[in-house]
Amino acid sequence: MSTLLEIDRLSTHFNTEEGRIKAVDQVSLRIKPGETVCIVGESGCGKSVTAMSIMGLLQSGPGVEIGGRIQFGDTELISLDKHHLRAIRGHEIAMIFQEPMSSLNPVLTIGEQLIEPMVLHLKLNKKEARKRAVELIEQVGISRPEQILKSYPHELSGGMLQRIMIAIAISCQPKLLIADEPTTALDVTIQAQILDMLRQIKAESDMSILLITHDLGVVAEMADYVVVMYAGKVVEEGEVTALFESPKHPYTQGLLRSKPVLGQRQDELFSIPGQVPNLLDLRPSCYFQDRCAHCMDICRTQEPALKSVGGGQKAACWLYEEEKRHG
Ligand SMILES: Nc1ncnc2c1ncn2[C@@H]1O[C@H](COP(=O)(O)OP(=O)(O)OP(=O)(O)O)[C@@H](O)[C@H]1O
Ligand SMILES: [Mg+2]
């Protein structure tokens, strides 16, 4: 099958007063048409920076260095000028965020915000765009669409706003939908409804989804392919069933062992002892070393490469290199 998006050794580094933060370091991933790829990992491991780099929301400059390639169909996104990037963003690639209020404009009606991208990208006239806006609102499961079009964001609930964000995102029939923690701020019932809706939209089109989440339950339900990130790196990747049945990297094993506990917040689900290292102090090594029960000398001095470890999976872990060496 062909590839829709191919990220090749993406590095997004921030130059700060304290030093260089390698938020995303040599990350590669591929998404095929119609596929759902999930990026999973603890807070601060570079998931959102990866998404923002794809969307062109971070531009190289004195504070930010972006390296590598992001190939979307025939177009390379990192070197693309702003004008062409704007034509792709919101049209062929759309994004939904965790907090809909932060990406909706509080002084414009839902109608204005839904109609404008369709006029811009699909070249519809106002009347056609309005008709499609009504259909989209119905498609995302909201009744009385005419009234919703006249409403302002603050008049709607969080769940409704997230549905509106999805309606805006799919309005121009994107080939790729990037969803960064789209349901984390919502209660469990609404969460399930939104995920169902995304699945249904995907089933009806050939859209690919890049879904970013902390929540392994969401991964299990949605993903075809999973990419596990740790401290700016991909540490494991594979087909969802294989990865859940036989996680190879000790970090993935830890994630899968840490089960949700009643009354705990989503951010606290991960119960692997220790913390993600400070991204400022990283020397060549395995960054998971201090939290790993299998840590060896080599893990402290050399960085493991991401390599095939069987089952169609790849992992960046010296355990598998050592296994090979010692037969
Ligand atoms: N503009 C910036 N300047 C400096 N550092 C940044 C900037 N944006 C992000 N970072 C740092 O990059 C790292 C990765 O951040 P990112 O937002 O991608 O994490 P994340 O995996 O999305 O976490 P979360 O699950 O909390 O959303 C963090 O250490 C963060 O502090
Ligand atoms: Mg994030």
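The text below takes these topics in turn.

The model is predicted: local features need pLDDT of at least 70, side-chain atom pairs count only at pLDDT 80 or more, and totals for chains, interfaces and linings use all residues. Residues are numbered from 1 along each chain as its sequence is written.

Eight strands form an open sheet with mixed pairing, in the order E6-E7-E8-E3-E9-E10-E12-E11. E6 (93–96) and E11 (307–308) are the edge strands; each has a single partner strand, so one side of each lacks a neighbour in the sheet. Strands are DSSP runs of E with at least two residues, and helices are runs of H or I with at least four; two strands pair if DSSP finds at least two bridges between them. E10 and E12 pair in the antiparallel sense over 2 bridges, and Glu 236 has Ala 315 in E12 as its bridge partner.

| Strand | Residues |
|---|---|
| E10 | 233–239 |
| E12 | 314–315 |
| E3 | 36–40 |

Thr 36 lies in strand E3.

The axes of helix H4 (residues 110–121) and helix H5 (residues 126–139), lines fitted to C-alpha atoms over the stretch in contact, come within 9 Å and cross at roughly 125°.

Definitions and conventions: Chains are lettered from A and ligands numbered from 1 in the order in which they are written. Side-chain values use heavy atoms; hydrogens and water are left out. Axes are lines fitted to C-alpha atoms, for helices over the stretch in contact, and angles run from 0 to 180 degrees between N-to-C directions.
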